[in-house]
Amino acid sequence: MNTDTAGTESGYDLNGGSAGRSGDDPMTGCPGLGPQVGPDEQLIRDYGLMLSASTRLERIVGKEFERHVGITHAMYEVLRRLEGGCTSMSHLAGETILTSGGMTRLIDRMEKAGLVSRYASDTDRRVQKASLTDKGRATLDHANRVHTQTLRRVFAGALDEDQRESLKHILVRLERVGRAELPSLG
């Protein structure tokens, strides 16, 4: 990767400053914002950098799941949530970025693959629940190993222990703010 342009897609120069400091956009060669970037623009760029890093890491992780385990990242998240026992479709949807309809379609695919079984609740037949099958547990075990290897390479390998600890505290704070405003992702 060319370090002169690394990270400039999000408007941030990973070499230490804002893209456009020289007056030109290094990605296009077009005139940029110039040397002065106000605090509002920097706030927008910082947020964009966080989203860009998160999206890229998630795509890397997803490709590793598909290549080595044969499942998507969304399937992995469902397998992890079902590890402790059965749960309802609405609960799964509320804890992920999927709608209830999207979760139902995902569970349909996972059921066809033999990873989960689905059944009606004992107390309310309208409520559908899902649980892991033996194949789902074995797949989750394999996926956890692949995930750990991938995270060691692209996440832990990029940060030292103090940086990871600082990042964890920051993310916990941001998660609290997010949950206060939006308790469910569904």
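**Close-up views of a predicted protein chain**

**View 1. A nonpolar surface patch draws on helix 1 and helix 6.** Helix 1 (39-68) and helix 6 (161-181) each supply at least two residues of the nonpolar patch, helices being DSSP runs of H or I with at least four residues and strands being runs of E with at least two, both numbered from the N terminus. The model is predicted, with pLDDT of at least 70 needed for local features and 80 or more for side-chain atom pairs, while totals for chains, interfaces and linings use all residues. Residues are numbered from 1 along each chain as its sequence is written, and side-chain values use heavy atoms, leaving out hydrogens and water. Tyr47, Met50, Leu51, Ile170, Leu171 and Leu174 make up the patch of about 570 Å², and Ile170 is found in helix 6. Patch residues have over 30% relative accessible area and no salt bridge, with nonpolar side chains (Val, Leu, Ile, Met, Phe, Trp, Tyr) joined within 5 Å and like charges within 9 Å; accessible areas follow the Shrake-Rupley method with a 1.4 Å probe, and for residues only the protein chains shown count as cover.

**View 2. Helix 2 crosses helix 5.** The axes of helix 2 (residues 73-82) and helix 5 (residues 134-154) come within 10 Å and cross at roughly 115°, where axes are lines fitted to C-alpha atoms over the stretch in contact and angles run from 0 to 180 degrees between N-to-C directions. Tyr76, Leu79 and Arg80 of helix 2 meet residues of helix 5 including Gly136, Leu140 and His147, a contact being heavy atoms within 4.5 Å.

**View 3. Glu95 pairs with Arg179.** A salt bridge, defined as a side-chain nitrogen of Lys or Arg within 4 Å of a carboxyl oxygen of Asp or Glu, joins Glu95 to Arg179, with the closest N and O atoms 3.7 Å apart. The pair links distant parts of the chain, Glu95 in the loop between helix 3 and helix 4 and Arg179 in helix 6, 84 residues apart. Glu95 is partly exposed at 26% relative accessibility, as is Arg179 at 41%, on a scale where buried means under 20%, exposed over 50% and partly exposed in between.

**View 4. Arg118 meets Asp108 and Glu111.** The side chains of Arg118 and Asp108 form a salt bridge at 2.2 Å, N to O. Arg118 lies in strand 4 (residues 116-120) and Asp108 in helix 4, so the pair ties together parts that are 10 residues apart in sequence. Glu111 also forms a salt bridge with Arg118, the closest N and O atoms being 2.9 Å apart.

Terms used: Buried < 20%, exposed > 50% of the residue type's maximum accessible area, 1.4 Å probe, protein only.
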